Amino acid sequence: MKDVASYRTQDDDVQLRKERNVEQKVAIARYAAHLISDYDVVYLDAGTTTELMIDPMLNRSAMYVTNAIGHARKLAALGCTVYLLGGEFKGTTDAIVGEEAVLSIAKYNFTKGFFGTNGMTQREGFTTPESNEALVKRTAMEQCLEKYVVSDSSKFGQISAVTFFSFDGAVILTESCSKEYKDCRNIQIVS
């Protein structure tokens with residue numbers, strides 16, 4: 001039986017999440033930002049680690065699509081070409097979610113996508129507390145050639161209410177992982 005303490009059924013406010021594991025998130029974000037090449041079409045998911053990718057991005061030639069208003073504002077200030085999805089605004093995560101966002105995503109073919117997660121296990125995959133957000137994440141991941149989940153190690157072993165993608169369906173960029181996950185081929189430890 002699973003440890004009940006590993007289940008999280010709701011999102012913490014984005015401001016609270018920005019204050020957690022900052023050093024780890026910065027290292028992961030810097031590494032991820034350097035994976036973006038000229039002429040990439042990049043999906044940048046809402047999230048605190050994906051937001052930290054923006055400042056160290058060296059590539060301004062790529063096209064960016066995001067469901068985060070704050071991400072879009074920062075990318076535009078850097079002179080990037082950026083498209084913001086339409087739909088319902090979810091204040092706790094600073095994300096655009098829902099059916100309109102899903103319809104917008106479906107027209108894109110992304111070369112790379114960078115995603116946040118609330119939890120991840122080998123069995124449940126990548127999870128988030130809310131179904132509308134999960135649907136946006138899943139649809140965007142399905143449209144990506146290369147999929148990256150950028151997450152500090154605190155998300156391993158955590159489970160939220162809705163699975164949005166399989167654990168082995170994306171490369172996980174993280175600063176460390178427990179021995180339980182050491183043999184997973186899709187985990188890349190960054191420093």
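Mentor: Let's go with F126. Leaving aside residues up to four places away in sequence, F126 touches T117, G119 and M120 on one stretch, V149 on another, and then V162, T163, F164, F165, S166, F167, A170 and I172. Keep in mind that this is a predicted model. F126 is also among the residues with the most contacts inside the largest nonpolar core, a set of 33 residues, alongside Y43, F110, F156, F167 and I187. Who supplies that core? At least two residues each come from β2, β6 (95–97), α5 (99–105), β7, α6 (131–142), β10 and β12 (162–165), and α6 gives the most, with 4 residues. Apart from this core there's another, of 19 residues, including I28, A32, V42 and M53.

Now the sheet. It is open and has 7 strands, all paired in parallel, in the order β4-β3-β2-β7-β10-β13-β14. β4 (81–84) and β14 (187–189) are the edges, each pairing on one side only, and the twist averages 25° from one strand to the next. Look at the join between β2 (residues 41–44) and β7 (residues 110–115): the two run parallel, with 3 bridges between them, and V42 has K112 as its bridge partner in β7.

Two helices to check as well. Helix α2 (residues 22–33) packs on the sheet against β7, β10 (144–150), β13 (171–174) and β14, its direction at about 130° to that of β13. Helix α4 (residues 69–77) packs on the sheet too, touching β2, β3 (63–66) and β4, and its direction makes about 160° with that of β4.

How values were computed:
Residues numbered from 1 in each chain as written. Predicted model: local features only at pLDDT ≥ 70, side-chain atom pairs only at ≥ 80, totals over all residues. Heavy atoms only, no water. Pairing = 2+ DSSP bridges. Axes fitted to C-alpha atoms, helices over the stretch in contact; angles between N-to-C directions. Contact = heavy atoms within 4.5 Å. Core = buried A, V, L, I, M, F, W, Y, C linked by side-chain atoms within 4.5 Å. Buried < 20%, exposed > 50% of the residue type's maximum accessible area, 1.4 Å probe, protein only.
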